[in-house]
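Welcome, and please open your viewer before reading on. We will go from stop to stop, selecting a few residues each time.

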Amino acid sequence: MISVGIFNGYYPYSLEESISRMKRDGFSCVQLDLSFKDMDLAYESLTKEKCHRIRDAFRDANLPIVCISGYTNIIHPDPKKREQNLFGLQTLLKFARDLGTPYVISETGTYNTESDWVWDPKNGSEEAYEETCRQIESLAKFAYDHGSVFLVENYVNNVIGSVDALTRLFSDVNHPGLGLLMDPTNYFTDSNIGSVDETLNRIFHTLGDKIKIAHAKDCKPAEDLSEKHAEIDAVESHTFRGAGAVELPAPGLGILNYDLYLQKLSKLHPNIPIIIEHLDEQDIPRAKKFLDDKLKAIGG
């Protein structure tokens, strides 16, 4: 059976209170955000002791940590900012096993200087692809050397955004330190939002064997073409709700064909964790029931 989890970052509390609320809401796993109100978890101050305290607290609650959020812009155009971003991501890859999982996730980033979620013309260039590919290969090797795996999460406004870009990336970086975070909503633009099923089928046909962890949010055409964020107490990667012609709401609030998505996912990876996102705490029970009902309907 597919296990249903959530990011702890949607529960802005202490370590113990966050775990208590996730257990109350019926989750069976978690994607770890290093963001608990009672702990200093800055990358510079991260230690094995802190990691083990977090890991053991989740183990005591029988709530496995299945992956870690490392979201950052790995090709930020400002060299100093890029160096800081890579330091944070490498720190998580180094400590991943001490936190209970090998998997650390990030999108690839953009050359846009104003936002990590907005397209820049350079993103589509061969130079951008080659630079990003080199960076990902370096991260995959670093991960492997520390017993972890870097999971790339594509997004259409980043350098690595499409099925074609990911196919090329996994061909060029054929390394055990690299895997894929599956989130089908991240592939949609105004050009293919009208072909949801066709796009889903292509994603799984082409990339299915690379998937390690899955996400559950939704997608729909957007009337507001600006960058969209929710007003919640969370980091930017959790407040983000889409940019441009596609909005990215919580699962069950868009047009993604969840029956097809979960059928494809469960056939290839019957015991994979799927992590709910893009919501606020009040919407969690509805979103979880939606996903649970869909999984029961398809037998996943």
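Helices (H or I, at least four residues) and strands (E, at least two) are DSSP runs here, numbered from the N terminus. This is a predicted model, in which local features need pLDDT of at least 70, side-chain atom pairs count only at pLDDT 80 or more, and totals for chains, interfaces and linings use all residues. Residues are numbered from 1 along each chain as its sequence is written, and side-chain values use heavy atoms, with hydrogens and water left out.

**Stop 1: Cys133**

Select helix H4, residues 126-145, and pick out Cys133 within it. Is Cys133 buried or exposed? At 10% relative accessibility, Cys133 counts as buried; the term means under 20% relative accessible area, while exposed means over 50% and partly exposed lies in between (1.4 Å probe, protein chains only). Now show what Cys133 touches: leaving aside residues up to four places away in sequence, these are Leu169, Asp172 and Val173. Contact means heavy atoms within 4.5 Å.

**Stop 2: other cysteines**

Next, select Cys51, which is buried with a relative accessible area of 0%. Cys219 is buried too, with a relative accessible area of 0%. How many disulfides does the structure hold? The count is zero, a disulfide being a pair of cysteine sulfur atoms within 2.5 Å. For Cys51, the nearest cysteine sulfur belongs to Cys67 and is 15 Å away.

**Stop 3: His215**

Move to strand E7 (211-216) and centre on His215, which lies in that strand. His215 is buried, with a relative accessible area of 0%. Display its neighbours, not counting residues up to four places away in sequence: among them are Phe7, Tyr71, Glu153, Asp183, Tyr261 and Glu277. Then look at Gln31, whose side chain makes a polar contact of 2.8 Å with the side chain of His215. A polar contact is a pair of N or O atoms within 3.5 Å; within protein, one must be able to donate a hydrogen and the other to accept it, and residues adjacent in sequence count only if both atoms are side-chain atoms.

**Stop 4: helix H8 and its surroundings**

Select H8 (residues 258-268) together with H9 (residues 284-298). Two packed helices are described by the angle between their axes and the distance between the axes. H8 and H9 pack at an angle of about 60 degrees, with their axes 10 Å apart. Axes are lines fitted to C-alpha atoms, for helices over the stretch in contact, and angles run from 0 to 180 degrees between N-to-C directions.

Colour the contact: H8 brings Tyr258, Asp259, Leu262, Gln263 and Ser266, and H9 brings Phe290, Leu291, Lys294, Leu295 and Ile298.

The buried residues of H8 are Tyr258, Leu260, Tyr261, Leu262, Leu265 and Ser266. Besides H9, they pack against strand E6 (178-182), helix H6 (196-207), strand E7 and strand E10 (273-276). At the N-terminal end of H8, find the cap, Asn257, with a side-chain oxygen 3.3 Å from the backbone nitrogen of Asp259.

**Stop 5: two positive phi values**

Most residues other than glycine have a negative phi. Select Asn62, in the loop between helix H2 (48-60) and strand E3 (65-69): its phi is near 55 degrees, and at 52% relative accessibility Asn62 counts as exposed. Finish at His278, in the loop between E10 and H9. His278 has a positive phi of about 60 degrees and is buried, with a relative accessible area of 4%.
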